[in-house]
Amino acid sequence: MEQYIKKWKTKKNKYSLNRFFIVFLAHALLSFLFVTGLWVCLLSAATALHLILPANAVEHAISDWMATLDGHTAITPGEIPEGAGYAFFDRQNRLLQTNLTGDALQDATELAFSEDQITIRRNASGFFLRMDTDSQHVVVSYQLRASFRPPLLNRLIPNAELFLFLSLLILLIADFLFIALRYARRLNRELQKLAAAADQIRTENLDFTVERTKLSEFNRIMDSLERLKTDLQQSLKEQWAMQQQKKRQLTALAHDIKTPLAIVSGNAELLSETDQTEEQKEYTAFILEHTEQIKRYVTDMLTLSRPDSFSGSVCDIKKLLSASAKDVESLGKKKGLSCLLRMADLPSSLPLPGDNVKRILANLTDNAVQYSPVNGTIYVDACLADNTFVLRIRDEGEGFSKKALAFATTEFYRGDESRSSKEHFGLGLFIARQIVTQAGGTLRLENAPEKGALITVNLPLPSEKDCQVCL
C-alpha cells in the first residue's frame with residue numbers, strides 16, 4: 001500500500017511541459033485580472049475621496065451652476081465652477097479677464113465675437129459655452145477628461161487619464177515579468193539537474209545518482225542519461241580490463257622475447273670474435289645491428305606496460321647531459337652527426353630522478369638522430385627558468401608535418417611519411433610525454449624557425465631553488 005501511495009505522490013508531482021506552460025498562462029491571466037481589479041478598486045477609492053474627478057464632473061458642475069444664473073445679472077470669475085476655463089468680454093468685445101491660453105483662448109474669442117446665435121461649440125480644445133448678460137459676454141470652457149482635484153497634482157500631471165492608463169500598463173508588465181521570472185526559475189532548476197548529470201558524464205564521474213525532475217519530458221532525457229551512464233560504466237570497466245590485459249600481454253611478450261634475443265645477441269658477439277670472411281662479418285654485423293634494434297623495441301614495450309613513477313632524489317644533470325651528447329654522436333656516427341650541447345649556468349645537480357631524466361633524454365635524442373640528415377647537427381639546450389628545468393632538442397631534418405604536430409606523441413603513431421623510419425616504432429615520444437606529464441611538466445612539439453624539429457620539455461622542480469633565467 002505504501003508503494004502505491006509513494007508512486008501516486010511521485011506522479012502527482014510530475015507534469016508535462018504542455019501543462020507547465022498552460023499553468024503559466026493561467027497564472028498570468030488570473031494575475032492580470034487581479035491587478036486590473038485592484039487598479040479599479042484604487043481608482044474608485046480615489047474618486048470617492050475626490051482625489052480624482054470623473055470626466056463629466058466639470059460638465060455637471062457647469063450645468064448646475066448655469067441653472068441658477070439670471071441673464072441680467074453680471075457674472076464674476078469666482079462663480080465659475082472649479083476645473084472650468086473662462087473668458088470675460090465687455091459689450092465692445094474687449095477681453096476683460098481669462099484663464100485660457102493658446103488655441104483655447106482663440107476659440108473662446110471667436111465664439112464671443114460670433115454674430116450667430118450659437119452658444120456652444122466643440123473642437124479639439126474642448127467644449128465652449130457662451131453666456132450673455134446685460135453688460136458682458138462670458139465664455140466657459142471645459143473638457144470631458146478626468147483630472148486630479150488637488151491643484152498640485154493637476155499641475156504635475158495635466159493628463160490624468162494617460163497617467164492612469166500608463167500606471168495600469170506598467171503594473172501589468174511588472175506583474176507579467178514577475179510571473180515569467182518565477183516560472184523561468186522553476187524551469188531553470190529542472191534544467192540544472194539535466195546540466196549537472198551531463199557534466200558528471202562529461203567528466204567521466206559516473207558514481208552519482210541521476211536526480212529526477214518535475215517535468216516528464218526532462219525525466220525521459222534523465223532516463224536516457226541514466227542508460228548512457230550505465231553503458232559508459234560498463235564500457236570503462238571493459239576498457240580498463242582490456243588495458244590491463246594488454247599490459248600483461250606486452251609484459252609477457254617482452255619477457256619472452258628477451259631470453260631468445262639474449263641468446264641470439266650473445267652468439268652473434270661470439271661469432272664476431274672468430275675468424276670470419278668479409279661476407280660472414282657483414283652478416284654478423286647485420287645480426288648485431290638488428291638485435292640491438294629489437295632490444296630497444298622490447299625496452300619500450302616494458303616501459304609502456306609498466307610506467308615508472310616520477311620520483312627520486314638528486315641527479316647529476318650535467319653528467320647526464322654530457323653522456324647524452326656522447327650517445328648522440330655515437331648513435332649518429334654512420335650519418336656523421338655532431339651534437340652541440342649548451343648549458344646555461346646549470347648547477348651540477350638538480351632534485352630530479354636521474355633514471356627518468358635519462359630515459360627522456362634517450363628517447364628524444366634517439367628521435368632526433370633518426371630524422372637528422374647526413375652530416376647534420378643536433379642541438380641540446382638546457383637551462384633553468386622560473387624553478388623549472390627546460391630542455392630543448394632540435395635537429396636539422398624536415399621537421400614535423402601538421403598531422404605529426406597533433407599526433408606524434410600518441411601511442412604507436414607512424415603515419416607521418418616525412419618522418420618515417422624502419423627503426424621508428426611510434427613509442428619514443430609517447431613514453432617521453434608520459435614521463436613528463438607524470439612529473440607535472442609539459443612536452444611541446446614545433447618546427448624551429450631555423451630548420452628542423454624542435455622538442456621542448458619543461459620539468460618543474462619539486463622545491464624552490466634560486467633559478468637562473470633561460471637565455
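Biologist: What does Phe113 count as at 37% relative accessibility?

Modeller: Start with the scale: buried means under 20% relative accessible area, exposed means over 50%, and partly exposed lies in between (1.4 Å probe, protein chains only). At 37%, Phe113 counts as partly exposed. This is a predicted model, in which local features need pLDDT of at least 70, side-chain atom pairs count only at pLDDT 80 or more, and totals for chains, interfaces and linings use all residues. Residues are numbered from 1 along each chain as its sequence is written, and side-chain values use heavy atoms, leaving out hydrogens and water.

Biologist: How many aromatic pairs does a search of the whole structure find?

Modeller: Rings of Phe, Tyr and Trp (its six-membered ring) pair if their centres lie within 6.5 Å; planes under 30 degrees apart are stacked, over 60 edge-to-face, the rest tilted. The search finds eight pairs. Take Phe20 and Phe21: their ring centres are 5.4 Å apart and their planes stand at 90 degrees, so this pair is edge-to-face. Phe20 is buried at 5%, while Phe21 is partly exposed at 43%. Phe89 and Phe113 also pair edge-to-face, with 5.7 Å between centres and 70 degrees between planes. This pair links distant parts of the chain: Phe89 is in strand 2 (residues 85-90) and Phe113 in helix 4 (residues 102-113), 24 residues apart. Phe89 is buried, at 1%.

Biologist: Which residues do ring pairs link into a cluster?

Modeller: Phe20, Phe21, Phe24, Phe32, Phe176 and Tyr183. A charge can also sit over a ring: NZ of Lys or CZ of Arg must be within 6 Å of the ring centre and within 35 degrees of the ring normal. Here the charged end of Arg186 sits over the Tyr183 ring, 4.7 Å from its centre.

Biologist: In what order do the strands of the open sheet run?

Modeller: Strands of a sheet pair through backbone hydrogen bonds, parallel or antiparallel. Helices (H or I, at least four residues) and strands (E, at least two) are DSSP runs, numbered from the N terminus. Two strands pair if DSSP finds at least two bridges between them. The open sheet has five strands in the order 8-9-10-12-11, with mixed pairing.

Biologist: How many bridges join strand 9 to strand 10?

Modeller: Six; strand 9 (residues 377-384) and strand 10 (residues 388-394) run antiparallel. Val380 stands opposite Ile393 in strand 10.
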